[in-house]
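Hi,

Here is the structure I promised to pass on. Have a look at it first, and my notes on what turned up are below.

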Amino acid sequence: MKLALIGFGQAGGKVVDEFLAFDDAIDGGFVESAIAINSATTDLKGLDRVSVENRVLIGQARVKGHGVGADNELGAEIAEANIDELQGAIDRIPVHEIDAFLVVAGMGGGTGSGGAPVLAKHLQRVYTQPVYGLGILPGTDEGGIYTLNAARSFRTFVDQVDNLLVFDNDAWRSAGESVEGGYDRINREIVERFGLLFAAGEVREGDHVAESVVDSSEIINTLSNSGVSTVGYASETVEIDDGLLSSLTDDDEFDEGAATNRLTSLVRKATLGRLTLPCDVASADRGLVVASGPPSYLNRKGVERGRQWLEDETGSMEIRGGDYPITVRDEVGTVVLLSGVTDVPRIDQLQEVAIEAQETTADVQATADEDFASLMDTGDELDALF
Ligand code: GDP
């Protein structure tokens, strides 16, 4: 399907940049437009692929291009105050060409955390296309303010979008990695999963016609129940020989059974492995299975078996499935989208820690005010200048 991607804040911009690279690499054509919005000049300068005219600096009057310093209330205020600038950038999107908006932001910071829900609300008011959010949760080691920001933004964002797709940095960090190197790797993981999902509904003229191709309406229907979604992915490297099957050809015979079994087990691995937001799979309301890879490795039976397995696993009757052929990749993979998940321990934990952080902040502030009052208390013996 065709998306207008809007990255809000630093994480949002970097992930949108990476989506553009991925779209190119798979020759996907699912990104119709890409915009990056920020209150910090340096973050916008650091992007590689988003065109310069689509990098929008907001809040100059308030923060002079220096960012909001993890203050997401200020991030939200600036977005509200600059809604005309944002609309100016959106006006450059050929909106009649897109199937949906995807607003991407890190929930723990300030600009994206506060601004993304404001933008989503605005888009919902003006356009008929669905507005999806891609919210990135902070690592648990980032500290109280990031957790508090994320919990408040999450709560707000989920109400302003048609569906909030979530990626949890905490579940994806690796020990011994630098923060920057870590984000680069994580961002590639993000765009591979969500990129393959959204690219699936985008079949262009001249593309290899899949056995049972996924249509953008199937993605939209899977996401139409609002709430929160998570994505799983599993893949296997295969050999391609000019787009033709080679590793599976014993005596030049295509082993249909092996291809079916591979896809079925990839669906299980994707579902039971690490999800973008870990959760109890049984709590999902709807699902979508997409098998991607060289056309000769995809078969209807494998997807169908995987789909049926997911029905049993989730107890949902609304599990869709289909193919997305990619000739340029030597990987067979399955993306599993689980929509409307409700049993998510990480969200419960995020909210608990945030409530604690909110109470502690209020206590500290009250004590600080009292302490300051007592520090300055000189009775009537000292006169202020004015
Ligand atoms: P903003 O610019 O004020 O919106 O804030 P940032 O986007 O810099 O940071 C918000 C949160 O996003 C941080 O707390 C991190 O959890 C996360 N983050 C920052 N940069 C990246 C990135 O490149 N990739 C990912 N996955 N997360 C990031």
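Let me start with the largest nonpolar core: among its 69 residues, F8, I37, F101, L119 and L123 touch the most other members. By nonpolar core I mean a set of buried Ala, Val, Leu, Ile, Met, Phe, Trp, Tyr and Cys residues joined through side-chain atoms within 4.5 Å; buried is under 20% relative accessible area, exposed over 50%, and partly exposed in between, with a 1.4 Å probe and protein chains only. The top contributor to this core is helix α7 (residues 144-160), with six residues. Both domain 1 (3-200) and domain 2 (228-339) supply at least three residues each, the bounds coming from an automatic or database domain assignment.

Before going on, the ground rules: this is a predicted model, where local features need pLDDT of at least 70 and side-chain atom pairs count only at pLDDT 80 or more, while totals for chains, interfaces and linings use all residues. Residues are numbered from 1 along each chain as its sequence is written, and side-chain values use heavy atoms, with hydrogens and water left out.

Skipping neighbours within four places in sequence, L119 contacts (heavy atoms within 4.5 Å) I6, F8, I37, L86, I90 and V103. F101 sits in strand β4 (residues 100-106) and counts as buried because its relative accessibility is 0%. Beyond residues up to four places away in sequence, F101 touches A4, I6, I90 and L123, among others. Helices (H or I, at least four residues) and strands (E, at least two) are DSSP runs, numbered from the N terminus.

A pocket here is an open set of points on a 1 Å grid over the protein atoms alone, where a 1.4 Å probe fits, with protein on both sides within 12 Å along at least five of seven lines; lining residues have an atom within 4 Å of a point. Of its 34 lining residues, Q10, A11, G106, G109 and Y146 are the closest to the centre. α1 (9-25), α6 (111-126), β5 (131-137) and α9 (179-200) each give two or more residues to that lining, which divides into 14 nonpolar, 16 polar and four charged.

The second largest pocket holds about 240 Å³. α9 provides the largest share of its lining, four residues. Among the lining residues are D141, E142, R173 and E177.

Cheers

Methods:
Nonpolar A, V, L, I, M, F, W, Y, C, P; charged D, E, K, R; others polar. Points joined across faces, edges and corners; volume = space filled by probe spheres on them.
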